[in-house]
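Please view the sequence and the model before reading the notes below.

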Amino acid sequence: MNLKELILNIVNDENYEVMTIKELEKYLQVDKYTKKVVYEELKNLEKENKLRISHKKKIMPLSEEEKSLIGEISLAQAGYGFFISDNKDFKDVFISKDNLNKAFDGDKVKIEIIKAAEKGKNAEGRVVEIIKRANKKVVGTFQESKGFGFVVADNKSIGQDIYIDKKLSKKAKNKDKVVAEIINYPKKGKPEGRIIDIIGHKNDKNVDIYSLAAQHGIPYQFSKETKKEVLYINKEVKEDELENRTDFRDLFTVTIDGRDSKDFDDAISIEKNGENYDLYVHIADVSHYVKRSTAIDYDAYDRGNSTYLYNVVIPMLPKELSNGICSLNPNVDRLTVSLKMTINKKGKIIANDFYKSVINSNHRLVYDDVNKFIDDSDSSVYEDEILKEKLLIFNDLHKILRAKREDRGAIDFDFTESQIDVTDDGKVLNISVHERGSGNKMIEEFMLAANETVATLFGYMDFPFIYRIHEKPSKDKLDGFKQALNTMGYNIRGNELHPKDFQRILEEVEGESEANVINLLMLRTMQKAKYSKKRDIHFGLSTEFYTHFTSPIRRYPDLIVHRLLKTYIDNRLNKLNQVSLENSLEKSSEHLSMTERRSEDTERDVEDLMKCKYMRRFIGEEFTGTISSVTDFGIFVELDNTVEGLFMYKFSLDRFEYQEESLKAVNTDNHKIYSIGDEVRIKVINVDIYSRNIDFDLLEENETVSQQQESLS
């Protein structure tokens, strides 16, 4: 425990009796040299609003009310914001643009309440102190003037332009997309900054996508040191690298990926063993090439994972590794870490073995063709008879494993995903629903089994490890989900739902018109999965042991797991310092959970951008869609192609009333009722590329089915 944690533990203890600074120093038995360190730490904690020091030098814990008034600012595009308290039970507070006190999005602040909450309205507050700036970097467009310039932020919630002195402009040109760092927040006038990166001219190819990546803080350029290290990496496997490796090159092996994929992490092999199946999952041995404390390793850790933005990929590793020597390309030797699982006809893994290995993949298969062969029984897709035989065995095992997982209550979401076809220069050709066939589900099932097997190994050894955990849904979200289901005619009883209960709900709505909406609502109810050094349940998969092992080319947590697993294979775990490893895993878990969220947020923003680009051509046209959400400000409608837009009440000539208890909206002029899952007719009236919003008008003359059956009584 460090000094900061020690002081906080003392001050926040329920039996704490208020001490002065001198009394605390005496209590801690510090010498004259350490007194200064204690004093500085106390002042830092006061600055961070973790405690208070009175004018009489008394160290005071914060009251619950004081703690509740410390949190983050979340700004809307219009410039106003909401205060989100560190106390999760404290309701959000509305902060007008005039009461932000120059706080930016994500800033840690202290507020005061200036107007109490009323029915249907949040309390209003004022920022009284900015404790910590969230991000001093701003992405925007440079506007050049004589001797100076301004950066107009892409994020419209940043209501002020950033002043840039000419000598700090890095020779940016007018209308360049740039990254600026704010270096001064004057009490009067605009924030002052300097240009730290020039992304490109605003009209350059894909500059909008790279701007979004930069806005989220994703590094999209490798360091000079990494580029140098890549030059020394072998382009093919050398003979001396095969020492102490199990040779699986004669084992019939395939990869199955998307048609456009270039980095192949995983390959599979299978053999019948009496009534049992021997399934081999071979994973690229990235750790052989990416050594700890190298520039490549630092860059990979910093990114945390690859980010896929349709026609732009920001890889975790340089392409010489991700698409080259690490990728399990067909008909070439590749170094792997292999897991052999013997699985009985009931889907139970009755034996497993791990190997440092070498493989030579026989075929590079794509999902579309595998799906045709399995789902459509189209045997003409392939000529290789051995391949056909193996695919049928793979499919038999896939069905067994899937049935086993469903039997224990694992939740298999079946909501529609977007298939967005984009050209290299960023033009959106089409948006449709992405179909998951048996090939996709088969690989998913095998990877789940492999990940669970590795986690179980380290879980039973009780050795420091990095787990993938998924906690139970919170009570508030669970209550909201039940409420939404009730409005659609599904009654769910019980205070606590288990994975099997969620599975039953999905089975009940399968094939119904509201199935996709319920899948989406259920997903929103779930907690976010994350990485942790502490083993915990994975609620969605209904398992006690889970990790990520199968994608080390594109996920850094998998690389950590590989390093530990290879140490186990070499029987060298006892040589690791477990205390040091635990500390490292805790830090890595937090960082890698953050990088994953960062990529997901970027991917979602880019998806919204692509949908806006596509829908611009349909302004003024009418479509049929399904209500996906009803809020106090409007109705969200999802079209058949997965595009979602918003009908805002304030833009309507009619008056609408939001019924919070039933999650419905009522047009009080004609008494029509709108509920989640209803089919409605809309017109596209506006598409805002910059805010990535699509506005719909609700066409009243097309009544929904529920409107025809319901009345206000």
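Two strands count as paired if DSSP finds at least two bridges between them. The model discussed here is predicted.

- Three strands make up an open sheet in the order 1-3-2, with antiparallel pairing.
- Strand 1 (19-20) and strand 2 (51-53) are at the edges with a single partner strand each, so one side of each has no neighbour in the sheet.
- Strand 1 and strand 3 (residues 58-61) run antiparallel and are joined by two bridges.
- Met19 has Ile59 of strand 3 as its bridge partner.

**Helices on the sheet**
- Helix 1 lies across strand 1, strand 2 and strand 3, and runs at about 75° to strand 3.
- Helix 3 (residues 32-47) also packs on the sheet, where it touches strand 2 and strand 3; its direction makes about 115° with that of strand 2.

**Helix 1 and helix 2**
- Helix 1 (residues 3-12) packs with helix 2 (residues 21-28) at an angle of about 110°, and their axes are 13 Å apart.
- These two helices are therefore roughly perpendicular to each other, and helix 1 passes helix 2 in a right-handed crossing.
- Leu3, Leu6, Ile7 and Ile10 of helix 1 meet Leu24, Tyr27 and Leu28 of helix 2 in this contact.
- The contact residues comprise seven nonpolar, no polar and no charged.

**A loop residue**
- Asp414 is located in the loop between helix 10 (385-407) and strand 23 (417-422).
- Asp414 has a relative accessible area of 55% and is therefore exposed, the cut-off being over 50%.

Definitions and conventions:
Residues numbered from 1 in each chain as written. Predicted model: local features only at pLDDT ≥ 70, side-chain atom pairs only at ≥ 80, totals over all residues. Heavy atoms only, no water. Axes fitted to C-alpha atoms, helices over the stretch in contact; angles between N-to-C directions. Helix = DSSP H or I, 4+ residues; strand = E, 2+ residues; numbered from the N terminus. Parallel < 35°, antiparallel > 145°, perpendicular 65-115°, else oblique. Left-handed = near helix turned anticlockwise from the far one by under 90°. Contact = heavy atoms within 4.5 Å. Nonpolar A, V, L, I, M, F, W, Y, C, P; charged D, E, K, R; others polar. Buried < 20%, exposed > 50% of the residue type's maximum accessible area, 1.4 Å probe, protein only.
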